[in-house]
Structures are given as structure tokens and as C-alpha cells.
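Have the sequence and the 3D view open side by side as you read.

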Amino acid sequence: MEVVILGGRQAGKLAADAIEHLLRRKPDAVLGLATGSSPLPVYDELAARHERGLDFSRASAFALDEYVGLPAGHPESYREVVRREFTSRVNIAPGNVHGPDGSAADIPAACAAYEEAIAAAGGIDLQLLGVGTDGHIGFNEPGSSFTSRTRIKSLIEQTRRDNARFFGSLAEVPHHVLTQGLGTIMAARHVILLATGAQKAQAVSDFIEGPVAAVCPASILQFHPHATILLDEAAASALKLADFYRHTYDNKPAWQGL
Ligand code: GLP
């Protein structure tokens, strides 16, 4: 796990560098997309780079998660958020952008089909992640199995309250979601998690420096062979080894990249 502490916009640039590098090496790369506020600087940066010629025409993308029960086209459905914040701003083919189907009549079949689609695409090359204040990634709430695959989950009230800012009221936030499992996320070849702000400091310290435990789902990333964690100073403020992470990054050989 590599921990990098820097400003929020800089984190967006660094993650975009990794995605640009991937696309130049592998134009048909498979990207894993997160919603929420954390990845927005990455999407802004990628949209700007697309204006300058970065090509997404052969890439494909899979969303991490989705609310259950929002009507198609609802502005807060993650399919719509992903389209609005990122994929409509670059030249990725709309048919290459996938998300779990939260309006499916047969939810278990839709989840199994999503896993099959990821496998058929060759697996996810680079997965962007945020982290919830309770340590969730995707919508894998505390207690999620470390080997879980895409499935339905119930949201903890803390997560519903955190996400109510995107809706008219708390009552409008769905109770159920579909999410890639922790096992699905762990199969991505590279994961980049972004976290900013003091409200994330406890979760960040728990998953980076605490024990690997299902009560803090993001802690499973300690077992990932290529996990990059990009933090601002506020999100990093509870880390015991912050000076070590800074020193390591400042002295990292330039050829290494992320
Ligand atoms: C939601 C999403 C997660 C996201 C998390 C943090 O619950 N399902 O994928 O990482 O919120 O969101 P934010 O980046 O807005 O803090």
C-alpha cells in the first residue's frame, strides 16, 4: 500500500497521470469508476486531457455500485452520475460504460451478469475508489465479506445521512444498493483510493494503520498488491506514520510512477 499525502487537486492530477499512462500502454484498458465527491478532481483532469487529445475510444468502464429502486435517468442514480461527471466528457463509447442494474426485476441474476461482464472484458485494470466515513468502499458496509462479489447490500444510516446531500431529503436516499464486492475490488490490477477532508481522518487511519477487519472494509486493501492511497493533509491528520509516508514519496525514484 502506497500512501501519498498532497493537495486535493494534485491528487486528481496524479491519479489522472496513472490513467493516462495506462491508456497509452493499453488503449483498450478497463477502468473502474467511483462516484461521490472524491474522484471529481480526477474526472475534471481527464476531461481536460481529453480536450488536449487523450483518447478513450477503445477503453471501457465499470461503475462500482448503484442504488436499488431509482427510476432510470434519476439524476442521482450512479449510472447517471458517472455519465454526467465523466463519461459524457470524454470519447468513451456509451456502449462500453457499464453499471450494476439497480432496477432489475431479478437482482441476483443482474449481479451475476455484472461479474460476468467484468470478466468478459478481461478484468478491471485500474479501479478508482473513495472511502465512506465508516470505512466502506463501493457500498461494502462494515461486516462485508472480504471475498464478496457484486450483490445487494443494505446501507448503514450513517452512509444514508452522508449521501443525503445529493438528494432532496434523507427520506429519498434508498436503503438498498448493488455494489461490486470486496473480492471484485481486490481483483482489480491497480486500485487508487482518494480521500480528502477531516471527516475522513478516522476511517483513513483505521484502514491504513488499523487491523485488517471486516468492521473496516477498506482495510482489506492492505492485502492488495498494488494499492495507491492519495490523501490531503486533513484526511491524513490521524496517521501515525504520516512523516514516513511523506519522506518515502519525496524520495521515490522518478521512474517508479504510481
Ligand atoms: C458513497 C459511494 C462510495 C464513495 C463514498 C464516499 O457511499 N458509494 O463509492 O466512495 O460514498 O463518498 P465521497 O467521495 O463523496 O466522500
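What follows covers the sheets, the cavity and the ligand site.

Keep in mind that this is a predicted model, where local features need pLDDT of at least 70 and side-chain atom pairs count only at pLDDT 80 or more, while totals for chains, interfaces and linings use all residues. Residues are numbered from 1 along each chain as its sequence is written, and side-chain values use heavy atoms, with hydrogens and water left out.

Let's start with the seven-stranded sheet. It is open, it runs β1-β10-β9-β6-β2-β3-β5, and its pairing is parallel. Strands here are DSSP runs (E, at least two residues) and helices are too (H or I, at least four residues), numbered from the N terminus; two strands pair if DSSP finds at least two bridges between them. At the edges sit β1 (2-5) and β5 (97-98), each pairing on one side only. Four bridges link β1 with β10 (residues 227-231), and these two strands run parallel. Within that pair, Glu2 stands opposite Thr228 of β10.

There's also a three-stranded open sheet, ordered β4-β8-β7, and here the pairing is antiparallel. Its edge strands are β4 (65-67) and β7 (151-154), each with pairing on one side only. From one strand to the next, the twist averages 30° (axes are lines fitted to C-alpha atoms, and angles run from 0 to 180 degrees between N-to-C directions). Three bridges connect β4 to the antiparallel strand β8 (residues 176-179), and Asp65 has Thr179 in β8 as its bridge partner.

Asp65 turns up again at the ligand. Of the 14 residues around the ligand (a heavy atom within 4 Å), Ser37, Ser38, Asp65, Arg165 and Lys200 come nearest. Here are some polar contacts, meaning pairs of N or O atoms within 3.5 Å:

| Residue | Protein side | Ligand atom | Distance |
|---|---|---|---|
| Ser37 | polar backbone atom | oxygen | 2.7 Å |
| Asp65 | side-chain N or O atom | nitrogen | 2.8 Å |
| Lys200 | polar side-chain atom | oxygen | 2.6 Å |

Now for the inside. How many cavities of 30 Å³ or more are there? The count comes to one. A cavity is a set of points on a 1 Å grid over the protein atoms alone where a 1.4 Å probe fits but cannot get out, and lining residues have an atom within 4 Å of a point. Helices α2 (40-51) and α3 (78-85) each supply at least two lining residues, and α3 gives the largest share, three residues. By class, the lining has six nonpolar, two polar and one charged residues; Gly counts as polar and Tyr as nonpolar in this scheme.

Terms used:
On a 1 Å grid over the protein atoms alone, a cavity is a set of points where a 1.4 Å probe fits but cannot get out, and a pocket is an open set with protein on both sides within 12 Å along at least five of seven lines; lining residues have an atom within 4 Å of a point. Grid points are joined across faces, edges and corners, and a volume is the space filled by probe spheres set on the points. A polar contact is a pair of N or O atoms within 3.5 Å; within protein, one must be able to donate a hydrogen and the other to accept it, and residues adjacent in sequence count only if both atoms are side-chain atoms.
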